[in-house]
Amino acid sequence: MGPASLLLLAAALAGVATLAAEMLWIRGLGRGIGTTYEAVALVAGLFLAGLGLGARLGARFAARSERPALGGVWLLAGAGTWIALSPLYIAALPDLRAALFPAESALLPALLLQLPLVVPPALALGALFPYLVRARVADVAHAGRRTGGVYAANTLGGVAGLLLLLPVLEALGEALALRLTGAAALLASLLLWLADRPLPHGEGPPTTAMPGQTSSASGLGAALFASGAAALLAQLGWLRMLQPLAGAHLYGVVLLLAPLLLALAAGAAMSGPLVDRLRRPTHLVPLLLSGAGALVLLSLPIAGGAPLRVLEGTS
């Protein structure tokens, strides 16, 4: 197996660890902060914020790295160790909250107690993606396809993690499931270590502007930020509206989240080669964002009426 295949397999295992850890933490932290949708949103939002900030920081350091795969090794090793040790913190969480916030029932104490558990591994896993991209992308001509391939592998790994999570959780329990999740991240770090090669001089993502790139990068970033916020809100809306069908538990979240991630992976894999053939790929972004927004708006009444139609069909 060559370095490229090892890198993609490591990206997939990192996806397994990321999604499985997030779901298990939502389940475990529920004993300390509650299982309402607000609490779930708090855990998911904090985790996603850590991923985003980590990606931002990772991009700065990865751009200067001559051995980006080796940087990913350290990030995955740290995240995997943290995840494997997290059952110790989760077990102490109810007593810790009772001792620190005996009269508090708001979400702010829950947020403060989540920070030590969720933020460090989220930062590491978020910073991993720029390192994977730098190790995989050598030139502008193949940037779209190879970046899309890394993203698709990582997202498909997340789907696999979700689907494997339920039987593993039932068979082994939460604590051992988290330790296995940490082991998956450690295995990914080993694969990256095997894939590590120093970049030849001058190889890596381009440092000069791509064709069609303008000074509107900040506007593009703001649009993507807004679309990410809208996507999370839409996901929470779908969960609430489809709760009568899927249930308000981990199984329901997995049932609804897995198809969404499969669609994201398929979109990344299919759009990458297309982007490589476009002279001005940024011009496609507004079209994609507006189309996605329209589809989300169309989906809301469908999702809202689905439980009633199912009940009517079974009565």
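1. Accessible areas come from the Shrake-Rupley method with a 1.4 Å probe, and for residues only the protein chains shown count as cover.

2. On the basis of the note. This is a predicted model, in which local features need pLDDT of at least 70, side-chain atom pairs count only at pLDDT 80 or more, and totals for chains, interfaces and linings use all residues. Residues are numbered from 1 along each chain as its sequence is written, and side-chain values use heavy atoms, with hydrogens and water left out.

3. On the overall fold. The protein chain has 10 helices and 0 strands. Its pattern along the sequence reads α-α-α-α-α-α-α-α-α-α. Helices (H or I, at least four residues) and strands (E, at least two) are DSSP runs, numbered from the N terminus. Of the 315 residues, 39% are buried. Buried means under 20% relative accessible area, exposed over 50%, and partly exposed in between (1.4 Å probe, protein chains only). Take the contacts between residues at least 6 apart in sequence: 85% of them join residues at least 24 apart. A contact means heavy atoms within 4.5 Å.

4. On helix H3. H3 covers residues 68–100, 33 residues in total. Its end C-alpha atoms are only 41 Å apart, short of the 48 Å that a straight helix would reach at 1.5 Å a residue. The expected span is 1.5 Å times one less than the number of residues. H3 bends by about 50° at leucine 93. Proline 94 follows within four residues. The bend at a residue is the angle between axes fitted to the seven residues ending there and the seven starting there.

5. On helix H5. H5 (residues 143–172) has 30 residues and should span 44 Å at 1.5 Å a residue. The end C-alpha atoms of H5 are 41 Å apart, which agrees. H5 still has a bend, about 35° at leucine 165. Here too a proline, proline 167, follows within four residues. After H5 comes glycine 173, with a positive phi near 90°.

6. On the salt bridges. How many are there? The count is 2, where a salt bridge is a side-chain nitrogen of Lys or Arg within 4 Å of a carboxyl oxygen of Asp or Glu. One of them joins arginine 27 and glutamate 174, with the closest N and O atoms 2.8 Å apart. This pair links distant parts of the chain, 147 residues apart: arginine 27 is in helix H1 (residues 3–33) and glutamate 174 in helix H6. Arginine 27 is partly exposed, at 39% relative accessible area. Glutamate 174 is buried, at 12%.

7. On the arginine 67 pair. The side chains of arginine 67 and aspartate 196 meet in a salt bridge at 2.3 Å, N to O. Arginine 67 lies in the loop between H2 and H3, and aspartate 196 in the loop between H6 and helix H7 (217–241), so the pair ties together parts 129 residues apart in sequence. Arginine 67 is partly exposed, with a relative accessible area of 39%. Aspartate 196 is buried, with a value of 8%.

8. On serine 65 and arginine 134. Serine 65 sits in the loop between helix H2 (37–62) and H3. It counts as buried because its relative accessibility is 14%. Setting aside residues up to four places away in sequence, serine 65 touches Tyr131, Arg134 and Leu199. Arginine 134 belongs to helix H4 (residues 107–136). At 8% relative accessibility, arginine 134 is also buried. Arginine 134 and alanine 62 are 72 residues apart in sequence, yet 6.8 Å apart in space, C-alpha to C-alpha.

9. Leu187, Leu190, Trp193 and Leu194 form a nonpolar surface patch, with about 400 Å² of accessible area together. Patches are made of residues with over 30% relative accessible area and no salt bridge; like charges are joined within 9 Å, nonpolar side chains (Val, Leu, Ile, Met, Phe, Trp, Tyr) within 5 Å. Leucine 190 is in helix H6 (residues 174–195). Its relative accessible area is 42%, so leucine 190 is partly exposed.

10. On glycine 293. Glycine 293 lies in helix H10 (residues 284–314). It is partly exposed, at 30% relative accessible area. Its C-alpha atom is 9.7 Å from that of alanine 234, a residue 59 places away along the chain.
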